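Come along while I look things up one at a time.

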Amino acid sequence: MSLVFPRPNSNSIHSKKDKRLMAEVNASPLKHFVTAKKKINGIFEQLGAYIKESSSFLEETYKSDELDPVTTEEQVLVVRGYLAKVAGIGEVLARRHMKVVFFGRTSNGKSSVINAMLCDKVLPSGIGHTTNCFLRVEGTDGNESFLLTEGSKERKSIKTVNQLAHALHQDENLDAGSLVCVMWPKAKCALLRDDLVLLDSPGIDVTTELDSWIDKFCLDADVFVLVANSESTLMQTEKFFFHKVNERLSSPNIFILNNRWDASASEPEYMEEVRRQHMDRCSSFLVEELGVVDRAQASDRIFFVSAKEVLQARIQKAQGMPEAGGALAEGFQARMFEFQNFERRFEECISQSAVKTKFEQHTVRAKQISEALRLIMDSVHVATQEQRIHCMETREDRQDRMEFIDKQLDLLSMDCKVKIKNITEEVERQVSNAMAEEIRRLFVLVDEFHMDFHPSPVVLKVYKNELHRHIEEGLGRNMSERCSAGITSALQTTQTEMNEGMKPLLPALVRDQVDQLVPRQCFSLSYDLACDKLCSDFQEDIGFHFSLGWTMLVNRFLGPKNTRRALMGYSDQVPRPLALTPVSTSMPPFPQGSMTQEELMVSMVTGLASLTSRTSMGIIVVGGVIWKAVGWRLIALSVGMYGLMYVYERLTWTTKAKERAFKRQFVDYASEKLQLIVSYTGSNCSHQVQQELAGSFAQLCQQVDVTRQNLEEEISTMTNKIELLDTLQSKAKNKAGWLDSELNMFTQQYLHQGR
């Protein structure tokens, strides 16, 4: 819908149209009213269309859910009311016509004057025909004439004047105040084609109800014609009636026709004197008594005519005969010219008067409506413009806000990544150091384990499982005491810094609720050491071994591994594959020099053992050498002491001793295994911290994403609003100014033309 109506853009079109209209006006003064009526009807059609579309536009705008109110319900109702008013005025204007009312005493020739003006015998007139009611003569577009009586829609066909007279006299319901409409084809009478209505009346001397006549028939009359008898003077009855008309109407247009002036032809010597007397009396009546014209204008309102002669001449002309033919009194041409002059003055007066009386009030009302509508549409335009500016400012603010969020989020993401990296590295270092310390103190944790010990396989299995559980719990507890508090504090500090860094990116309402929207879970490190799996291949050796035995001595000097290799034979060693568990990077590499010395010693002892085992002769030889060197007493004492020590150790090899040996062996084995997972455990804990911080940061980013999404929706909404408001602004372009100029042109051209 667009409130911009098509307008003629070409000045040449305007000039041609105006010239054509003015030519029609110059041809007939009555065309002035016709063209004015067409013009004002066109303006009101445009005004009605403008109001209709404005009303629809305002209702659509008022009911719109996408916009803030730019119009009010009161404005919608006001414009809707204007639509009904303009429609009503348009209907009235379509029915508007020029109206002339003929008054006078009975048989003064009122009907004859009307017939002469219509150039045809339309109304009954002459001897034996007296108008007994009001007869309204109006044009019809049809080819048949008919009459309508008051209070009835029945069309009574009439073809001749006699039929009309017969119909009027046959209707017993007609009285002097009744109205009968005589609908005469416009094709038969040119005067009726120009929206002119002629109203004939009974003689004003037949009734005293003059007030009711004036109220019923005269209030909308544009011109009054007083048909007087030139053979007599103005009567008091005639003057009294027009005094009443003058009281009810402001400056009525009154013409005085002194009819039957052809009678003056029989006394030419008195004609000028009688004419002067009639002129003086009629002028005095119009100027001094009624005050409707001044002295200079009075001569243009008083005429001396013979309606009967004019009617006869015009009928003869219509029949193809000369106008002056027949029995016409002397001076006919002067009286004909006088009648034509009357018609010309009458047409000029009634056209201008009718335009003023019929259209001036409606023109003023149209200006008022147009101005009120202009103010309403201007207010809508201003409200739309203000809302558009607000929407543009809001959109720009949201765009700046979103750009700020994007930049800050990038900076915060980089900062948080650095913080998470630093804290995870610190956690890995702390956990690795703490675990290395706990491995060194593992014997304390093992000594704290108490459970019934027995070397049987079933009991040993249960003992190992419980010991694994004890080590798992103890190491976890000790690691937690060493690391968890500091790590948790550092983690919470980092989370707080992330929250504080993110808060400026969130809306004010969300900032206070960020702790509820991003809840902090109770974080605790999990030290999953899996001791049962780690030490599942531990094999204890709790059999009795004499401390001074050959195996123990070799073990004491070479260590367990080298002892086994020495006892089993160096050449028989089968290389084993490397352990699947990665060796800790914290363990220093074995130096190559030490490995070479051990291999040399193992080789020597192995060779010695190999030598002594080949023959018993070696034992005899060695025994003999020792015997010679120290004597038998010392050898016996040594053997006795050796035996006593063996017996002592054998007797003290109890279950407790076995348990101590078991724990010692387990500590050595577990320490070696745990050393392999120090780095893994540190990495695992740092990964847990990293996951916790990454989760917290992701939740904060999610809230920022929600804020950003809301901003995008607001920007999209503002963009849609701006587009809609642009459309509204284009639709609200005010046509009231153009309508005002059209109404001013109409006023200047038609209402003020005579001023």
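Predicted model: local features only at pLDDT ≥ 70, side-chain atom pairs only at ≥ 80, totals over all residues.

**Entry: helix 6 and helix 7**

I began with two helices that meet. The axes of helix 6 (residues 210-218) and helix 7 (residues 236-248) come within 10 Å, and they cross at roughly 50°. That angle makes helix 6 oblique to helix 7, because an angle has to be under 35 degrees to count as roughly parallel and 65 to 115 to count as roughly perpendicular. I also noted that helix 6 passes helix 7 in a right-handed crossing. Helix 6 brings Leu210, Asp211, Ile214, Asp215 and Cys218 to the contact, while helix 7 brings Phe240, Phe241, Lys244, Val245 and Arg248. Sorted by class, this contact of helix 6 with helix 7 has six nonpolar residues, four charged ones and no polar ones.

In what order do the nine strands of the open sheet run? I read it as 4-3-5-2-6-1-7-8-9, with mixed pairing. At the edges I found strand 4 (156-157) and strand 9 (302-304), each of which pairs on one side only. Helix 7 turned up again here: it packs on the sheet and touches strand 1, strand 7 (223-229) and strand 8 (254-259). The direction of helix 7 makes about 170° with that of strand 7.

**Entry: strand 1**

I then stayed with strand 1 and its partners. Strand 1 (residues 98-103) runs parallel to strand 6 (residues 196-200), and four bridges join the two. Val101 has Leu199 as its bridge partner in strand 6, and Val100 has Leu198. Strand 7 is also joined to strand 1 by four bridges, and these two strands run parallel. There I looked up Phe102, whose bridge partner in strand 7 is Val225.

Is strand 1 mostly covered or mostly open? I found it mostly covered, with six of its six residues buried. Met98, Val100 and Phe102 are buried on one side, and Lys99, Val101 and Phe103 are buried on the other.

**Entry: helix 13 and helix 22**

I turned to another helix pair. Helix 13 (residues 457-502) and helix 22 (residues 678-731) pack at an angle of about 15°, and their axes are 10 Å apart. Helix 13 is therefore roughly parallel to helix 22, since angles under 35 degrees count that way. Helix 13 passes helix 22 in a right-handed crossing. From helix 13 I listed Ile487, Leu491, Thr494, Gln495, Met498, Asn499 and Met502; they meet residues of helix 22 including Val689, Leu693, Phe697 and Leu700. By class I noted ten nonpolar, four polar and one charged residues in the contact of helix 13 with helix 22.

**Entry: two single residues**

Last, I picked two residues to look at closely. Ala298 lies in helix 9 (residues 295-298). Ala298 has a relative accessible area of 0%, so it is buried. Beyond its neighbours within four places in sequence, Ala298 is in contact with Ser283, Val287 and Val293. I also checked Ile256, 42 residues away along the chain: its C-alpha atom and that of Ala298 are separated by 9.8 Å.

Is Lys663 buried or exposed? Lys663, in helix 21 (residues 655-676), is buried because its relative accessible area is 10%, and buried means under 20%. Setting aside neighbours within four places in sequence, I found Lys663 in contact with Val446, Asp447, Phe449 and Tyr463.

Key. Residues numbered from 1 in each chain as written. Heavy atoms only, no water. Buried < 20%, exposed > 50% of the residue type's maximum accessible area, 1.4 Å probe, protein only. Contact = heavy atoms within 4.5 Å. Axes fitted to C-alpha atoms, helices over the stretch in contact; angles between N-to-C directions. Parallel < 35°, antiparallel > 145°, perpendicular 65-115°, else oblique. Left-handed = near helix turned anticlockwise from the far one by under 90°. Nonpolar A, V, L, I, M, F, W, Y, C, P; charged D, E, K, R; others polar. Pairing = 2+ DSSP bridges.
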